[in-house]
Amino acid sequence: LVKPNSPPVKLPEKAGEKSIARMDKIRNSKGPLPTADLRRELQVSMQKYAPVYRNADDLKKGKDVIVEIMKKYKDVGIKDRTM
């Protein structure tokens, strides 16, 4: 918590550069899988395996399904690179 009249927090010289590089890598990805397809698959899986009323078996199965979906992330392609 920042107190009134306290000196500004000093950030490391290259603070945030890793985050920006990661975003640029994603923004410039050229894979064959549209982001909408990956989002839809993730959404349907979350609705099926992690709904409001959950049980241990579904959550366990859902975890495995989500891990497999996230492996596809490396194949995502971005067509609109504007920011």
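Modeller: Serine 45 counts as buried because its relative accessibility is 10% (buried means under 20% relative accessible area, exposed over 50%, partly exposed in between, with a 1.4 Å probe and protein chains only). Keep in mind that this is a predicted model, where local features need pLDDT of at least 70, side-chain atom pairs count only at pLDDT 80 or more, and totals for chains, interfaces and linings use all residues. Residues are numbered from 1 along each chain as its sequence is written, and side-chain values use heavy atoms, leaving out hydrogens and water.

So who touches serine 45? Skipping neighbours within four places in sequence, serine 45 is in contact (heavy atoms within 4.5 Å) with Ala50, Val65, Ile66 and Ile69.

Serine 45 lies in helix 2 (helices are DSSP runs of H or I, at least four residues, strands are runs of E, at least two, and both are numbered from the N terminus). Leu38, Ser45 and Tyr49 are the buried residues of helix 2. They sit on the same side of helix 2, because they cover an arc of only 35 degrees around the axis (the arc of the directions from the helix axis to the C-beta atoms). Their cover includes strand 1 (33–34), helix 3 (56–71) and strand 2 (76–77).

Now for helix 3: its axis and that of helix 2 come within 9 Å and cross at roughly 170 degrees (lines fitted to C-alpha atoms, for helices over the stretch in contact, with angles from 0 to 180 degrees between N-to-C directions). That makes the two roughly antiparallel (over 145 degrees; under 35 is roughly parallel, 65 to 115 roughly perpendicular, the rest oblique).
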